[in-house]
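Here is a walk through one chain, written to be read with the structure open beside it. Keep a viewer handy and click along.

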Amino acid sequence: MSGALLALHEAGVKFDHIYMAGAGAVVGLIYLAPKGLTCEQALRNTVNFGISDAIYDLLPINYKLFNKSGPSAEAFREFWHDFPPAMVARNQYGMTPVEKLESDWFLLFGAMMCPTDLNYFSTGVCAHAPFIEDVVNFKNLYQARSECYLAAYCIEDEKIEEFKKSKINLNHFRAALAYPFIYPPYQIGEKHYYEGASVETLGLIMFAKDTLNIKSVKSWPDPNKPFYKIVLMDVMKPDVIQQPRDLWNAFTQSIMIPLVANAERELAIFRYWLKTGDLVSSLKLQRRYQEFIKRLGTDRPNASEYPVEFPVPEWQRPHLLEWTSSNLECLFEIGYEAGRILMEKQGKQLLSNDIP
């Protein structure tokens with residue numbers, strides 16, 4: 001997604017609205033409000049979320065993104081976050097492969113030294129995504145040109161809640177990334193949240209609901225005659241599901257399978273709505289959509305979909321879920337090429353104000 005978004009950005013595509021769910025929020029927020037880097041640099045820097053191959057081959061865990069949990073771990077991170085050598089090691093933009101390897105070794109030592117209070121009564125294995133503070137400037141998010149929306153599932157309300165740009169801060173991001181078992185539910189006020197992508201993986205139903213209120217959205221050119229150009233980045237394809245190589249990889253597959261299934265279902269509903277304007281037939285059996293259905297019309301939306309296709313080579317598919325630096329670099333280039341191809345084929349329509 002980072003590579004594709006960079007290709008579209010370089011070609012001059014500007015987004016009025018960006019819908020984010022799950023890990024897609026990392027890419028979207030880095031694009032909208034990068035910290036310490038330009039937008040282009042920040043998107044390229046996402047490959048540095050990976051672990052140097054030599055280390056990952058021995059320890060296949062991304063200790064840079066997934067941190068130990070508990071009060072003792074939090075106290076250690078407060079020291080470690082401001083420790084000058086650790087600050088240098090975390091900022092790997094522009095480093096050579098050897099420098100990245102040395103930095104990853106240093107960060108591994110820090111991860112090993114960090115204590116943890118994890119126990120049987122813990123409700124999640126990891127601490128809530130502390131890395132985001134290094135790459136996103138939430139204060140600048142409010143000044144971004146694009147409106148953005150972030151999905152989180154509210155446990156008490158039993159439905160998806162949509163956080164808008166003016167409201168999104170570090171807490172809302174952590175709520176929107178709190179995937180069950182990996183992270184505990186995240187509390188905001190009196191309510192608790194899980195990752196929105198665990199329920200609505202692509203954010204497409206959220207977009208469809210928002211079109212009902214389109215006349216109140218001032219940023220559309222003509223509220224009485226709306227049209228939408230939808231760039232869809234769906235990385236939750238069945239090709240991420242592979243024969244597991246070991247127990248750890250099987251656990252990873254157990255996370256991805258329901259996400260892929262949700263994405264396939266959501267995309268089918270969305271495309272049916274684009275063709276017919278009818279969401280009722282698809283959603284009427286799902287309890288959490290009952291209130292939404294009462295307000296639905298059946299007018300076909302004046303919209304065109306521009307899907308970004310990510311052609312992952314057959315040899316790469318068994319490695320899709322690995323956090324190695326080489327894999328992230330390969331996937332970034334696949335995404336960049338996919339975005340470039342989309343612009344070659346349909347760039348005129350995307351950039352034109354006259355062609356829907």
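What follows covers salt bridges, aromatic rings, a helix pair and a few loop residues.

Keep in mind that this is a predicted model.

**Salt bridges**

Three of them are set out below.

| Pair | N to O distance |
|---|---|
| Asp104 and Lys64 | 3.0 Å |
| Glu133 and Arg174 | 3.4 Å |
| Arg340 and Glu337 | 2.4 Å |

Take Asp104 and Lys64, whose side chains meet in a salt bridge. This pair links distant parts of the chain, with Asp104 in helix H7 (residues 97-113) and Lys64 in the loop between helix H4 (53-56) and helix H5 (71-81), 40 residues apart. Are these two buried or exposed? Both Asp104 and Lys64 are buried.

Now go to Glu133 and Arg174, another salt bridge, at 3.4 Å from N to O. Because Glu133 sits in helix H8 (residues 132-135) and Arg174 in helix H10 (residues 170-176), the pair ties together parts of the chain that are 41 residues apart in sequence.

**Aromatic rings**

How many aromatic pairs does the count come to? The answer is 19 aromatic pairs. Among them are Phe83 and Phe106, with ring centres 6.4 Å apart and planes at 25 degrees, so the pair is stacked. Phe83 lies in the loop between H5 and helix H6 (84-90) while Phe106 is in helix H7, so this pair ties together parts that are 23 residues apart in sequence. Phe83 has a relative accessible area of 28% and is partly exposed; Phe106, with 26%, is partly exposed as well.

Trp248 and Phe251 make another ring pair, and because their planes are at 40 degrees, with the centres 5.8 Å apart, this one is tilted. Trp248 and Phe251 are three residues apart in helix H12 (residues 247-276), so about one helical turn lies between them. Trp248 is partly exposed at 43% relative accessible area, and Phe251 is partly exposed at 31%.

Rings also gather in a group: ring pairs link Tyr19, Tyr149, Phe207, Tyr228 and Phe270 into a cluster.

Then there's a charge and a ring. The charged end of Arg44 sits over the ring of Tyr336, 5.7 Å from the ring's centre.

**H1 against H15**

Tyr336 turns up again where helix H15 meets helix H1. Helix H1 (residues 2-10) packs on H15 at an angle of about 35 degrees, and their axes are 6 Å apart. The crossing is right-handed. On the H1 side, the contact is made by Ser2, Gly3, Ala4, Leu6, Ala7, Leu8 and Glu10. H15 contributes Phe332, Gly335, Tyr336, Gly339, Arg340, Leu342 and Met343.

**Loop residues worth a click**

Which residue has a positive phi of about 60 degrees although it is not a glycine? That's Glu158, in the loop between strand E2 (147-154) and strand E3 (159-164). Glu158 is partly exposed, at 39% relative accessibility.

Phe181 is another non-glycine with a positive phi, near 75 degrees. Look for Phe181 in the loop between H10 and strand E4 (186-188). Its relative accessible area is 52%, so Phe181 is exposed.

Last stop is Val199, in the loop between strand E5 (191-195) and helix H11 (204-210). Val199 is buried, with a relative accessible area of 14%. Val199 and Ala21 are 178 residues apart in sequence, yet 9.6 Å apart in space from C-alpha to C-alpha.

Notes: Residues numbered from 1 in each chain as written. Predicted model: local features only at pLDDT ≥ 70, side-chain atom pairs only at ≥ 80, totals over all residues. Heavy atoms only, no water. Helix = DSSP H or I, 4+ residues; strand = E, 2+ residues; numbered from the N terminus. Buried < 20%, exposed > 50% of the residue type's maximum accessible area, 1.4 Å probe, protein only. Salt bridge = Lys/Arg side-chain N within 4 Å of Asp/Glu carboxyl O. Phe/Tyr/Trp six-rings, centres within 6.5 Å; stacked < 30°, edge-to-face > 60°. Lys NZ or Arg CZ within 6 Å of the ring centre and 35° of its normal. Axes fitted to C-alpha atoms, helices over the stretch in contact; angles between N-to-C directions. Left-handed = near helix turned anticlockwise from the far one by under 90°. Contact = heavy atoms within 4.5 Å.
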